[in-house]
Amino acid sequence: MAESEQEASSPISLSSSCIYDVHCHVHETPDSLYAIGTDRVFGSDSVVFCTQATQYADWDDVVWFKEQYQERAIPAFGLHPWFVERVESGEIPREWPDRLRGLLQKHGGILGECGLDKVAKNPNTQKVYPLEPQTRMFKEQLRIAYDLKVPVSVHCVRAFGNLVDILKEEEANGTLPPRIMLHSYSGSPDMLRQILLKGRLGSHIYVSFSWFVNGRNEQKSRECIAAVPADRILVESDLHDAKSAFSALEHIVRLVADARGWELVDTCCRLAANSRAFFDIESDPLPAAQQNREE
């Protein structure tokens, strides 16, 4: 059953689980972090943030965020395709793969944000970032994730054919990372049903939705959400501002509930279970949530 009129008009109250913001960048806006612990939408101790580095320069910021917020933080380290030219120019040291491995081994978490983008342009040259070096950088990160047996958060914009080719190649070589999240998924429902979620590759795939991206076309997003197995749906804010992240999470949780015909509390419980499976966490890390689940 879908959410009732009363649920639709009142803030979500999580009495049984955490909510996991599986992909965000709140470490980039320190002035907004006061909101963590004061949010009223989900309760002060119910949101876990997986804050994702995008460039070599912010890896230390993700470490700082993890140290500050402990159980509320899951670190993610990676190189976003928008920064591929900095790798090519040498601005990002060529030893970046070694440092990336070291950070993941020391701090845990996942690898991300990485991926492919055939639309974004260098703001200085107005040229689309070249795909070939993006592909090399992406493959290098997939191999690191496979070697370390850590999940991956993947950015893909209008490059799903290229993404499938790469993942199929890794599948054939037996080198797929254990779990792969397609973050703020912007492809088609058919791409999910016919390719990404089928066979051995499909057993590695999770699909995440954000209000920031998926709220732009709610009908298409409902169809995509409906195409994903119930145990593979994740949600995220994909935002840099912690205060805005809470309301964005509420919107996307409601959209998932509506698309699947689930009650809100059931939706939150399902999403928490899916997140724990993706991150390989046995139980919610926040004491308040653990206590509520046991009760």
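This is a short tour of a predicted model, one selection at a time.

**Stop 1: the sheet**

Start by selecting the strands. Eight of them form an open sheet, in the order S1-S2-S3-S4-S5-S6-S7-S8. The pairing is parallel. Which strands sit at the edges? They are S1 (19-24) and S8, each of which pairs on one side only. From one strand to the next, the twist averages 25 degrees.

**Stop 2**

Now select residues 233-236, which make up strand S8. Pick out Ser210 and look across to Glu236, its bridge partner in S8.

Show the side chains of S8. In a regular strand, side chains alternate between the two faces of the sheet. Here Ile233 and Val235 point one way, while Leu234 and Glu236 point the other way. Are these four buried or exposed? All of them are buried.

Next, bring in helix H11, residues 242-260. H11 lies across S1, S2, S7 and S8. Its direction is at about 155 degrees to that of S8.

**Stop 2: helix H2**

Move to residues 59-69, helix H2. Colour Trp59, Val62, Val63 and Phe65, which are buried. Look down the axis of H2: the buried residues fall within an arc of 160 degrees, so they line one face of the helix. An α-helix has 3.6 residues a turn, so residues three or four places apart point the same way.

What covers the buried residues of H2? The cover includes strand S2 (47-52), strand S3 (73-77) and helix H4 (96-107). Before leaving, click on Gln70, which follows H2. The phi of Gln70 is positive, near 50 degrees.

**Stop 3: helix H5**

Select residues 131-148 for helix H5. Check its span from end to end. At 1.5 Å a residue, its 18 residues should span 26 Å; the end C-alpha atoms are 26 Å apart, so the two agree.

The buried residues of H5 include Pro133, Met137, Phe138, Leu142 and Ile144. Gln134 and Gln141 are also among them.

**Stop 4: a glycine in a loop**

Find Gly187, in the loop between strand S6 (180-182) and helix H7 (189-196). Gly187 counts as buried because its relative accessibility is 7%, below the 20% cut-off. Leaving aside residues up to four places away in sequence, Gly187 touches Phe160, Lys220 and Cys224. Gly187 and Ser221 are 34 residues apart in sequence, but their C-alpha atoms are 9.4 Å apart in space.

**Stop 5: the cysteines**

Finish with the cysteine sulfurs. How many disulfides does a search of the whole structure find? It finds zero. Take Cys24, which is in no disulfide. Its nearest cysteine sulfur, that of Cys50, is 6.9 Å away. Cys24 is buried, with a relative accessible area of 0%.

How values were computed: Residues numbered from 1 in each chain as written. Predicted model: local features only at pLDDT ≥ 70, side-chain atom pairs only at ≥ 80, totals over all residues. Heavy atoms only, no water. Buried < 20%, exposed > 50% of the residue type's maximum accessible area, 1.4 Å probe, protein only. Helix = DSSP H or I, 4+ residues; strand = E, 2+ residues; numbered from the N terminus. Pairing = 2+ DSSP bridges. Disulfide = S-S within 2.5 Å. Arc of directions from axis to C-beta. Contact = heavy atoms within 4.5 Å. Axes fitted to C-alpha atoms, helices over the stretch in contact; angles between N-to-C directions. Expected span 1.5 Å × (residues − 1).
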